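These are my notes on a structure I had not examined before. I set down each item that I looked up, in the order in which I took it.

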Amino acid sequence: MTEAVPASAGGHGDTTHGDLSRVDTGNAHIARVYDYWLGGKDHFAADRAAGDAVIQAYPGVITTVRANRALLARMVRYLADEAGIAQFLDIGTGIPSANNTHEVAQSVTPNARIVYVDNDPIVLAHARALLVSSPAGATSYLDADLRDPGPILDQAADLLDFSQPVAVMLMGVMHLISDEDDPSGIVARLMSAVPPGSYLALSHPAADIDADAMADAQRRQNQMQAEQVTFRRRDEVARFFDGLKMIEPGLVRAPEWHPDTQSEAQVALWAGLGQKA
Ligand SMILES: C[S@@+](CC[C@H](N)C(=O)[O-])C[C@H]1O[C@@H](n2cnc3c(N)ncnc32)[C@H](O)[C@@H]1O
């Protein structure tokens, strides 16, 4: 079911959505495990146990998640600044962290409009932090599942003008869509709804970087976490961009995408930005 949280403009992000009764504290969930790896404070014992098991298999997970957040900020800045994008559909938002999409986008383009989407109740409970928009812009939040893009697109149209370019952001979320759920079909459905000039921003854990350790990390995560993960090879991730024009430097390791610092860190994450012609 898709639940919309009203849009906020003019800085009035004062709606409370703190229904924690749906939060399953006994099992690990990716939004909270990710928050644990990032050094946040919204996690429970089960999340920490799963997070630690993955760290044991692949210690680079910590640098990888940090690299993903830094990448998100660089991509949003590029989109707002160099590509002139003022509309963002950020699916698989995660628990608010530093440099959320609206903060980066509106620091460049104050009237930017952002629709956030996540299906975890802990993220819904934090939606208020995502609804504090700049006065000129607007943000909204949808409690919805990426595996069913139709309702997402329907409700996002309340805030976004689909006759104008939109950046569809799928950062660190497609590995939570299994092959049986047709991940390429989902991306194609989303990109078919946005006009030429729109973008797809995507990052994805790599099955073919530090392959043995990543395979072990995937196995442990799938044993201990409610949401199953599928890490993918570069050629598999590239297929999500079928029909789009890749922005330089193409599909690369996350730290190599428009780097602002030199990083030799261990990061098993593919990242790319494609534009619809
Ligand atoms: C690893 S976090 C990534 C957060 C953020 N995009 C980032 O890059 O920092 C993945 C997020 O996707 C959400 N998610 C997982 N499966 C989803 C689905 N089927 N529909 C919507 N959100 C989903 C999780 O709840 C979690 O908040």
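Which ligand atom lies 2.8 Å from a polar side-chain atom of Asp-145? I looked this up in the model, which is a predicted one, and found a nitrogen atom of the ligand at that distance from the Asp-145 side chain.

Entry: Leu-146 takes part through its backbone, where a polar atom is 2.8 Å from a nitrogen atom of the ligand. For Asn-68, I noted a polar side-chain atom 2.8 Å from an oxygen atom of the ligand. I also looked up how far the ligand is covered: taken alone it exposes 600 Å², and the protein buries 98% of that.

Entry: I recorded that the space the ligand takes is the largest pocket. I counted 22 residues around the ligand, and the nearest are Tyr-34, Asn-68, Gly-92, Asp-118 and Met-171.

**Entry: backbone geometry.** Most peptide bonds are trans, and most residues other than glycine have a negative phi. The peptide bond from Glu-248 to Pro-249 is cis, with omega near 5°. I located Pro-249 in the loop that joins β7 (244–246) and β8 (252–253). Asn-99 is not a glycine, yet I found a positive phi of about 55° there. Asn-99 belongs to the loop between β2 (87–91) and α4 (101–108).

**Entry: confidence.** I looked up the pLDDT last. The chain averages 93, and 94% of the residues score at least 70. Over residues 10–16 the pLDDT stays under 50. For that stretch I noted 16 contacts beyond four places in sequence in the model.

Note on methods. Residues numbered from 1 in each chain as written. Predicted model: local features only at pLDDT ≥ 70, side-chain atom pairs only at ≥ 80, totals over all residues. Heavy atoms only, no water. pLDDT = per-residue confidence, 0-100. Contact = heavy atoms within 4.5 Å. Near = heavy atom within 4 Å. Polar contact = N/O pair within 3.5 Å; in protein donor to acceptor, adjacent residues only side chain to side chain. Areas by Shrake-Rupley, 256 points an atom, 1.4 Å probe, with all protein chains shown as cover. 1 Å grid on protein atoms, 1.4 Å probe; cavity = no way out; pocket = protein on both sides within 12 Å on 5 of 7 lines; lining within 4 Å. Sits in = over half its atoms within 2 Å of the grid points. Helix = DSSP H or I, 4+ residues; strand = E, 2+ residues; numbered from the N terminus.
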